[in-house]
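Welcome! Please take a look at the sequence and the 3D structure below before reading on.

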Amino acid sequence: MATVGFIGLGNMGAPMAANLVKAGHEVSVFDLVPEAVKALASQGAKAAASAEQACSGAEFVISMLPAGKHVESLYLTQGLLESVPASAIFIDTSTIDTDTARKLSAAAAEKGKSMVDAPVSGGVAGAAAGTLSFMCGASDPAVFDRVKPLLLDMGKNVFLAGGPGAGQVAKACNNMLLSILMIGTSEALNLGTKNGLDPAVLSDIMLASSGKNWALEVYNPYPDLMENAPASKDYEPGFMSELMLKDLGLAMAAAGGSNAVTPLGGLAYALYNRHVSQGMGKKDFSSIFQAIESLRPE
Ligand code: NAD
């Protein structure tokens with residue numbers, strides 16, 4: 001069993017840390033929100049008064065924070081990278097920009113330390129069930145081999161995508177594709193129902209045909225077709241539209257920094273940008289169906 005310092009106990013981090021406790025690891029936790037620390041302590045974690053305290057003596061440091069600026073601030077400005085012993089491995093599971101992930105890996109290497117970027121897919125439900133997919137970027141496959149068993153206590157799939165930042169690139173690719181699938185599924189359901197089809201029948205037809213995809217299978221965006229989908233709960237998240245917009249921004253940044261052209265990703269970014277600016281940021285990303293449904297011909 002390992003000694004783990006866990007920083008960031010929000011929607012994702014709290015259930016992930018709880019799963020590490022359940023697996024028998026010694027987990028010290030810190031969040032800027034004291035109630036979040038208390039809640040984890042009541043589940044068997046050690047409450048820490050600072051990130052430094054949570055990570056002193058840790059074999060692994062895990063962070064699950066909102067965005068790149070928070071992660072950079074924790075490790076560089078606040079100096080957590082410096083204060084933790086060289087034997088520790090840093091694992092950032094937040095979804096952040098590739099440049100910051102690479103910068104942090106290089107800063108760690110300069111100090112003789114290892115940092116792995118390991119963003120996740122699977123959402124809050126996957127975090128609670130311990131079924132997340134981790135996509136990792138690591139400078140050395142031997143470091144990946146050391147973190148994999150720990151990540152498997154929070155997930156069921158752990159991939160090495162490549163070198164530093166590669167996990168973030170994989171995450172940006174996946175979520176760009178997910179947004180396109182969700183928009184496409186919404187368009188098809190809107191087209192069918194505006195032409196007189198029953199959305200349940202159309203969904204069944206497409207599920208048994210070549211249009212089958214993840215949104216139709218487990219996350220149908222049409223209201224009241226799928227009992228547990230956000231669309232049947234007034235689009236309560238789930239995965240918020242503003243987080244999808246953030247991830248599409250990361251995908252656009254990755255595209256801009258390479259020779260990749262992403263025409264559908266660009267359209268998806270524009271649609272989610274408009275959706276969020278219309279006050280739908282806190283609603284589930286499948287609420288893009290409502291935006292598509294409300295569009296009228298020019
Ligand atoms: P969240 O806002 O619920 O949690 C973030 C937590 O970090 C908060 O509790 C906040 O207090 C804490 N925090 C921020 N700065 C800190 C600091 N310096 N020290 C200690 N604690 C600090 O966000 P979330 O939904 O848990 O998402 C976290 C990351 O996971 C994001 O990058 C997100 O894009 C990604 N993600 C989210 C989902 C999802 O469905 N929510 C799915 C996959 C990936």
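This short report walks through the strands, a helix, an annotated region and the ligand shell.

This is a predicted model, in which local features need pLDDT of at least 70, side-chain atom pairs count only at pLDDT 80 or more, and totals for chains, interfaces and linings use all residues. Residues are numbered from 1 along each chain as its sequence is written.

The table lists some helices and strands, which are DSSP runs (helices H or I, at least four residues; strands E, at least two) numbered from the N terminus.

| Element | Residues |
|---|---|
| β8 | residues 132–137 |
| α8 | residues 141–152 |
| β9 | residues 155–162 |
| α9 | residues 166–194 |

Let us begin with the strands. β8 and β9 run parallel, paired over 6 bridges (pairing takes at least two DSSP bridges). Across this pairing, M135 of the chain faces F159 in β9. Together with α8, the two strands form a right-handed β-α-β unit; right-handed means that, with the strands pointing away from the viewer, the path from the first strand over the helix to the second runs clockwise.

Just after α9, G196 has a positive phi of about 90°.

Finally, the ligand has 26 residues around it, with G8, G10, N11, M12 and T95 coming nearest (near means a C-beta atom, placed from the backbone, within 6 Å). Helix α4 gives the largest share of this shell, 3 residues.

Methods: The expected span of a helix is 1.5 Å times one less than its number of residues.
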